[in-house]
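Trainee: I have just opened this entry and would like to walk through it with you. May I begin with a loop and then move on to other parts?

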Amino acid sequence: MKTLFSYAFSAFCLFFSSQLSAQKLNEIQVIGSHNSYKSQMAPELLEYLSKVNPSASQSLGYAHIPLEEQLDLGLRNLELDVFHDPEGGRYSNPKGLEIIKSAGGEIPDYDPNDALSKPGLKLFHVQDLDFQSHYLLFADALKALKNWSENNPDHTPIFILINAKDGNIPGTRPVLPFTATALDSIDLEIRTHLGMENLITPDLVRGDYADLESAVLARNWPKLDEVRGKFLFVLDESEEKIDRYLSAKPDLKNAVLFVNKKEGNSTAGFRIINSAVRDEDYIRDLVQKGYMIRTRADSDTKEARAEDYSTFEKAKASGAQVISTDYYQPSTFFKSDYKVNFEGNRYERPNPVLNNN
């Protein structure tokens with residue numbers, strides 16, 4: 001027999017679902033993860049880094065559960081870092097293995113399927129050091145996401161940030177640059193392994209408007225119920241790299257990726273603004289104008305270590321549609337109860353700024 005609580009909870013869920021169903025895509029707020037693919041670094045590598053770069057070691061003291069398990073929890077934002085490797089093998093046998101071996105540690109089974117030898121975009125955090133990932137091939141991560149989506153066809157759209165990493169770090173092997181062609185290969189892999197029918201693209205949002213920003217300012221984002229089961233990708237990169245991508249996809253026509261272009265540009269629509277504390281009012285103003293924004297609840301393990309929710313509170317209040325965290329579950333690296341979610345242990349809700357107008 002149902003209790004009064006169970007009836008009340010069922011009523012709340014129905015009310016919550018009906019609220020979300022009536023919204024447009026930009027009128028919701030979701031929580032997701034940062035560096036979502038990242039699995040735990042070998043302790044010997046963290047110990048090594050603590051001696052040569054203590055702040056880096058501390059900032060890397062986190063890991064995530066597999067992507068599908070994050071989505072099962074209710075997270076609806078992921079962040080994936082890709083490295084260009086068209087021939088394969090560039091990142092095989094990372095140098096960090098020697099550090100682990102010299103410290104007497106056990107070599108992790110980091111690449112059981114020899115994925116690093118295969119051609120295609122790779123998925124990990126830092127070459128040679130933070131190289132352990134739930135999926136070393138971007139293509140394999142995309143296939144897993146598609147499989148999960150097919151098993152959960154009515155899911156709220158999943159927002160995925162892409163970092164195209166080509167920064168060289170002293171002591172690590174040189175990376176390949178992301179030229180326009182290399183950036184376009186990100187599009188190609190997404191199209192191939194997810195399918196265009198499963199994507200929310202700039203063309204879809206633009207519709208009959210002259211450009212993407214005009215459509216965004218006219219609030220031409222699709223209704224949420226029209227895009228359930230789909231993915232939206234954003235290139236979270238520097239202006240220079242974004243301009244390279246735009247040289248291959250002028251005005252984002254036939255593009256898979258939205259880009260982090262500042263408002264006032266014809267391709268502006270989805271912004272990355274990481275400091276909710278400094279930029280709360282700025283974010284809120286952009287949200288009210290029609291832009292979608294991603295911000296962060298925490299970074300570099302600092303908020304979690306201090307159990308400080310002030311950044312998360314600012315992020316929520318700003319109306320940023322996408323809020324990323326490393327702590328949708330408490331840390332297993334240090335003692336802390338810090339955990340980021342909305343009321344009712346949820347990871348999505350109606351947007352508090354747009355639904356209070």
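Trainee: Leaving aside its neighbours within four places in sequence, which residues is Asn-341 in contact with?

Mentor: Please keep in mind that this is a predicted model. With neighbours within four places set aside, Asn-341 is in contact with Ile-31, Phe-312, Arg-346 and Tyr-347.

Trainee: Where is Asn-341 found?

Mentor: Asn-341 is found in the loop between S9 and S10.

Trainee: Does that residue count as buried or exposed, and why?

Mentor: Asn-341 counts as buried because its relative accessibility is 18%, and the cut-off for buried is under 20%.

Trainee: Which side chain does Asn-341 join through a polar contact?

Mentor: The side chain of Asn-345 is the partner, at 2.6 Å.

Trainee: Now to strand S1. How many of its residues are buried?

Mentor: Six of the six residues in S1, which spans residues 28-33, are buried. Ile-28, Val-30 and Gly-32 point one way, while Gln-29, Ile-31 and Ser-33 point the other way. In a regular strand, side chains alternate between the two faces of the sheet.

Trainee: Which strands does S1 pair with, and in what sense?

Mentor: S1 pairs with S10 (residues 348-350) in the antiparallel sense, over three bridges. Val-30 stands opposite Glu-348 there. S1 and S9 (residues 322-325) run parallel and are joined by four bridges, with Ser-33 opposite Thr-325.

Trainee: On to the helices. Which residues of H2 are buried?

Mentor: In helix H2 (residues 43-52), they are Glu-44, Leu-45, Leu-46 and Leu-49. These buried residues pack against helix H3 (54-59) and helix H5 (96-102).

Trainee: And Leu-71, where does that lie?

Mentor: Leu-71 lies in helix H4, residues 67-73. It is buried, with a relative accessible area of 1%. Beyond its neighbours within four places in sequence, Leu-71 is in contact with Arg-76, Leu-78, Leu-145, Trp-148 and Ile-158. Leu-71 and Trp-148 are 77 residues apart along the chain, yet their C-alpha atoms are separated by 8.3 Å.

Trainee: Finally, which members of the largest nonpolar core touch the most other members?

Mentor: Of its 66 residues, Ile-186, Ile-190 and Phe-233 do. Not counting residues up to four places away in sequence, Ile-186 touches Val-82, Leu-121, Phe-138, Ile-162, Ala-164, Phe-178 and Leu-257. A second, separate core has 21 residues, including Leu-46, Leu-49, Tyr-91 and Leu-129.

Conventions: Residues numbered from 1 in each chain as written. Predicted model: local features only at pLDDT ≥ 70, side-chain atom pairs only at ≥ 80, totals over all residues. Heavy atoms only, no water. Core = buried A, V, L, I, M, F, W, Y, C linked by side-chain atoms within 4.5 Å. Buried < 20%, exposed > 50% of the residue type's maximum accessible area, 1.4 Å probe, protein only. Contact = heavy atoms within 4.5 Å. Helix = DSSP H or I, 4+ residues; strand = E, 2+ residues; numbered from the N terminus. Pairing = 2+ DSSP bridges. Polar contact = N/O pair within 3.5 Å; in protein donor to acceptor, adjacent residues only side chain to side chain.
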